[in-house]
Amino acid sequence: MAEKVLMKGNEAIAEAAIMAGCRHYFGYPITPQTEIAAYMAKRMPKIGGCFLQAESEIAAINMVYGAASAGVRVMTSSSSPGISLKGEGLSYMAGSDLPALVINVQRGGPGLGGIQPSQSDYFQSTRGGGHGDYHMIILAPASVQEMASLTFKGFDLAEKYRMTAMILADGTMGQMMEPVSLEMGEINEHDKSWAVTGTKMARKHNIINSLSLIPEELEQQNFDRYARYKKVEENEVMYEEYLMDDAEICIVAFGIAARVSRNAINEARAQGIKVGMIRPITLWPFPKDALDKAADTCKAFISVELSMGQMIEDVQLATKCRRPVTLCNRAGGMIPSPEEVLQAIKEAKGGLE
Amino acid sequence: MSTMNILIAGFGGQGVLFAGKFLAYKGLLEDRQVSWLPSYGPEMRGGTANCNVILSDDPIGSPIVNKPDCLIVMNKPSLDKFVDTVVPGGMILIDSTMIDSKVERDDVTVYYVPASKLAGDAGFSTLANMILVGKLLYAMKDKGMDNVEEILKHVIPARKMDLLDINKKAIQTGYDYEA
């Protein structure tokens with residue numbers, strides 16, 4: 001195993017992207033993710049890569065669109081308001097079936113909001129983000145190690161399914177330092193015969209485009225795309241279970257909320273309450289089957305979120321509303337304390353008696 | 001102690017984040033679980049900074065330190081804000097050059113170290129932070145000064161490595177100071 005180093009989550013993302021073969025980065029600064037751009041600005045020129053600070057987020061995502069069309073590994077990063085600006089480009093890229101990695105280190109909203117950690121872009125990201133029928137693969141790291149490993153994996157998944165993958169982190173994950181091993185393994189090669197790289201007069205030219213004026217054809221494209229999404233749902237769901245073997249209460253939480261919940265679960269267990277956690281690592285595809293199965297034995301669910309309650313709807317859908325699901329949340333840049341989560345656990349326990 | 005939650009707070013520029021980084025690397029080099037979380041919000045832009053460091057033998061849940069076992073404070077507003085959050089039996093290290101008030105709790109161990117004055121007298125006025133770190137190493141009583149140089153080599157950027165010796169001296173000064 002490689003030596004562990006201390007890195008900020010944002011830096012770990014940038015380094016892992018470079019290790020994944022990303023040589024094109026386009027971005028525009030915004031707190032709390034600016035370290036990603038700073039790291040890329042420092043490293044890319046030294047390794048023959050391209051770092052470009054665009055004139056806006058909209059420009060940056062369209063540069064990503066262009067680079068992705070040429071089949072190269074490309075990334076952009078931003079935080080909540082900046083991701084909204086990128087929405088149009090994300091939709092165009094989905095309509096053109098292009099792979100890319102987008103980083104969202106979330107901050108409190110709506111609007112310009114604040115700069116403190118948040119998870120309130122859950123709906124936006126898991127439902128596509130822009131207009132039209134589409135999905136992105138949404139990866140939710142809960143440690144600096146995962147900031148690195150999911151970035152590396154994100155590029156692979158994006159190319160494998162010709163989709164945009166997104167790292168949905170938050171300000172805490174971006175700013176904190178933890179030991180990280182940068183051993184990332186081999187880069188998988190994927191078919192790029194669709195890329196616009198010049199025909200050399202030897203083949204028919206490729207076209208990358210999201211405009212399709214014939215409804216029959218556009219419908220078929222949507223059907224084909226969703227057949228691909230189905231494969232993603234079948235093959236790429238990731239989650240982690242914590243103390244679920246005998247759990248009668250199940251917490252569902254991702255990212256920093258899962259880290260806080262872990263403290264609360266340990267305390268609750270010390271007090272004799274049988275509580276565990278399912279931590280989705282992919283938010284789309286959502287670990288529906290794992291939650292449905294948990295609902296066979298767990299009598300209550302708690303969704304712990306840094307939002308007004310967004311993922312809770314997916315928990316209710318996945319468990320088919322067979323069990324009560326309560327919300328334990330803070331918003332606007334606030335983070336629930338372990339004591340608040342413990343209180344929610346106790347209330348759920350009380351509801352069972 | 002299997003887990004130590006540390007909160008370091010002061011003004012921006014006092015080296016709060018650097019002191020935290022030193023402690024985090026200490027944990028890393030001792031094969032412990034480690035997390036380091038800085039404040040990056042509007043309070044930082046207004047001039048105060050703080051840093052949460054957790055050293056543990058078990059996997060770390062939340063990286064946020066709400067109830068520190070150890071509080072290091074370098075200005076009065078930080079002492080006022082955090083003094084009551086320290087767990088009973090915990091410790092508070094105070095730069096008594098910057099803070100003239102006393103802690104009124106009797107369930108915590110308090111070290112008053114005139115760190116800014118000691119640093120100024122010794123000719124490294126910017127290293128009050130490391131003097132307090134030295135006192136913490138003394139209070140932790142685990143490895144003393146054993147691996148200080150190795151830790152410093154990891155946290156001081158290569159282009160500033162000429163500052164290694166005075167950092168070491170500052171830590172020693174704090175370690176030896178009779179509070």
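Let us start with A:Pro110, which sits in the loop between strand 5 (100-106) and helix 6 (122-126) of chain A. In this predicted model, the peptide bond that leads from A:Gly109 into A:Pro110 is cis, with omega near 0°. Chain A has another such bond, from A:Trp284 to A:Pro285, again cis with omega near 0°. A:Pro285 belongs to the loop between strand 12 (282-284) and helix 11 (288-297) of chain A. As background, most peptide bonds are trans, and most residues other than glycine have a negative phi.

A:Lys200 is not a glycine, yet its phi is positive, at about 50°. The residue is placed in the loop between strand 8 (177-181) and helix 9 (215-235) of chain A, and its relative accessibility of 77% makes it exposed. A:Cys321, likewise not a glycine, has a positive phi of about 55°. Its loop runs between helix 12 (311-318) and strand 14 (325-329) of chain A. With a relative accessible area of 59%, A:Cys321 is exposed.

I turn now to the interface of the two chains. The size of an interface is often given as the accessible area lost when the parts come together. Here, chain A and chain B bury about 1,900 Å² between them, and 65% of that area is on carbon and sulfur atoms. Chain A brings 26 residues to the contact and chain B brings 23 residues.

How many residue pairs are in polar contact across this interface? There are 7, counting pairs in which both residues have pLDDT 80 or more. On the side of chain A that touches chain B, at least two residues each come from strand 1 (4-8), helix 8 (171-175), strand 8, helix 10 (255-270) and helix 13 (338-352) of chain A. Helix 10 of chain A gives the largest share, 5 residues. Sorted by class, this side of chain A has 12 nonpolar, 7 polar and 7 charged residues.

One residue that reaches across is A:Ser337, in the loop between strand 14 and helix 13 of chain A. Beyond its neighbours up to four places away in sequence, A:Ser337 touches A:Val260 and B:Asn66. Its relative accessibility is 16%, so A:Ser337 counts as buried.

Let us consider salt bridges next. Over all chains, the structure holds 29 salt bridges. Within chain A, the side chains of A:Lys288 and A:Glu233 meet in one, at 3.4 Å from N to O. This pair links distant parts of the chain, for A:Lys288 is in helix 11 and A:Glu233 is in helix 9 of chain A, 55 residues apart. A:Lys288 is partly exposed, at 43%, and A:Glu233 is partly exposed, at 32%.

Across the interface of chain A and chain B, 1 salt bridge is found. Its partners are A:Glu339 and B:Lys67, whose side chains meet at 3.0 Å, N to O. A:Glu339 is partly exposed, with a relative accessible area of 38%, and B:Lys67 is partly exposed too, with 44%.

In chain B, B:Asp121 forms a salt bridge with B:Lys117, with 2.9 Å between the closest N and O atoms. The two are separated by about one helical turn, because they lie 4 residues apart in helix 4 (residues 115-122) of chain B. Returning to chain A, a network of salt bridges links A:Glu248, A:Lys299, A:Lys349 and A:Glu353.

Strand 4 runs parallel to strand 1 (residues 3-11) of chain B, to which 4 bridges join it, and B:Leu71 is the bridge partner of B:Leu7. Strand 4 also pairs in the parallel sense with strand 5 (residues 91-95) of chain B, over 4 bridges, where B:Val73 has B:Ile94 as its bridge partner.

Technical notes
Residues numbered from 1 in each chain as written. Chains lettered and ligands numbered in written order. Predicted model: local features only at pLDDT ≥ 70, side-chain atom pairs only at ≥ 80, totals over all residues. Heavy atoms only, no water. Buried < 20%, exposed > 50% of the residue type's maximum accessible area, 1.4 Å probe, protein only. Contact = heavy atoms within 4.5 Å. Buried area = accessible area lost by both parts, 1.4 Å probe. Salt bridge = Lys/Arg side-chain N within 4 Å of Asp/Glu carboxyl O. Polar contact = N/O pair within 3.5 Å; in protein donor to acceptor, adjacent residues only side chain to side chain. Nonpolar A, V, L, I, M, F, W, Y, C, P; charged D, E, K, R; others polar. Pairing = 2+ DSSP bridges.
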